Amino acid sequence: MKPYLREKVPKTLSEIPEYTVFEAGYLVSKNAGWRNVRPTVDKAKCVGCLKCYLCCPDGVIAKQDGKIAIDYDFCKGCGICAKTCKLGAIEMEAEI
Ligand code: SF4
Ligand code: SF4
């Protein structure tokens, strides 16, 4: 386990880093080239509940200005975030 995770266990949501995986040092090079669909966020519908942020298996959803932002350099297009959002703020769209 990375030292970050051993030494700094978050107790509240605000203590969780902006990018969960980046700050733990796991992602070092772009790896989303094979994705064929991508999640798009409707910021008007997003209420910033962070469910998608907590459920993304790759930790590539960031907290940003009370809402979220997705890093497409690392998102795999799995669609879990879209399934997680009960407000329909995330939709999967085909890559062009
Ligand atoms: S789950 Fe939906 S409403 Fe909640 S932060 Fe994610 S996109 Fe926004
Ligand atoms: S599609 Fe998958 S990898 Fe990409 S942001 Fe959503 S949950 Fe994370």
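Predicted model: local features only at pLDDT ≥ 70, side-chain atom pairs only at ≥ 80, totals over all residues.
View 1. Residues are numbered from 1 along each chain as its sequence is written, and chains are lettered from A and ligands numbered from 1 in the order in which they are written. Look for Arg35 in the loop between helix 2 (20–24) and strand 1 (37–41). Its side chain makes a polar contact of 2.6 Å with the side chain of Glu95. A polar atom of the Arg35 side chain also lies 2.9 Å from the backbone oxygen of Tyr72. (A polar contact is a pair of N or O atoms within 3.5 Å; within protein, one must be able to donate a hydrogen and the other to accept it, and residues adjacent in sequence count only if both atoms are side-chain atoms.)

**View 2. The whole chain, for orientation.** The protein comes to four helices and four strands, running α-α-β-α-β-β-α-β along the sequence. (Both are DSSP runs numbered from the N terminus: helices are H or I with at least four residues, strands E with at least two.) Of its 96 residues, 33% count as buried.

**View 3. Tyr53 in helix 3.** Tyr53 belongs to helix 3 (residues 51–55). With a relative accessible area of 2%, Tyr53 is buried too. Glu18 is 35 residues away from Tyr53 in sequence, yet their C-alpha atoms are 9.5 Å apart in space.

**View 4. Ligand 1 and its shell.** Around ligand 1 you'll find Cys46, Val47, Gly48, Cys49, Leu50, Lys51, Cys52, Ile68, Cys85, Leu87, Ala89 and Ile90 (a residue is near a molecule if one of its heavy atoms lies within 4 Å of it). Sorted by class, this shell has ten nonpolar residues, one polar and one charged. (Ala, Val, Leu, Ile, Met, Phe, Trp, Tyr, Cys and Pro count as nonpolar, Asp, Glu, Lys and Arg as charged, and the others, Gly among them, as polar.) Leu50, one of the shell residues, sits in the loop between strand 1 and helix 3. Leu50 is buried at 11% relative accessible area, and its phi is near 70 degrees, a positive value in a residue other than glycine.

View 5. The structure holds one cavity of 30 Å³ or more. The largest cavity has a volume of about 100 Å³, and of its 14 lining residues the closest to the centre are Cys56, Val60, Cys75, Cys78 and Cys81. (On a 1 Å grid over the protein atoms alone, a cavity is a set of points where a 1.4 Å probe fits but cannot get out; lining residues have an atom within 4 Å of a point. Points are joined across faces, edges and corners, and the volume is the space filled by probe spheres set on them.) Ligand 2 sits in this cavity, meaning that more than half of its atoms lie within 2 Å of the grid points. Ligand 2 has 14 residues around it, the closest being Cys56, Cys75, Cys78, Gly79 and Cys81.

**View 6. Asp65, out in the open.** Asp65 is exposed, at 76% relative accessibility. Its place is the loop between strand 2 (61–64) and strand 3 (67–70). Phi of Asp65 is near 50 degrees, which is positive in a residue other than glycine.

Conventions
Heavy atoms only, no water. 1 Å grid on protein atoms, 1.4 Å probe; cavity = no way out; pocket = protein on both sides within 12 Å on 5 of 7 lines; lining within 4 Å. Buried < 20%, exposed > 50% of the residue type's maximum accessible area, 1.4 Å probe, protein only.
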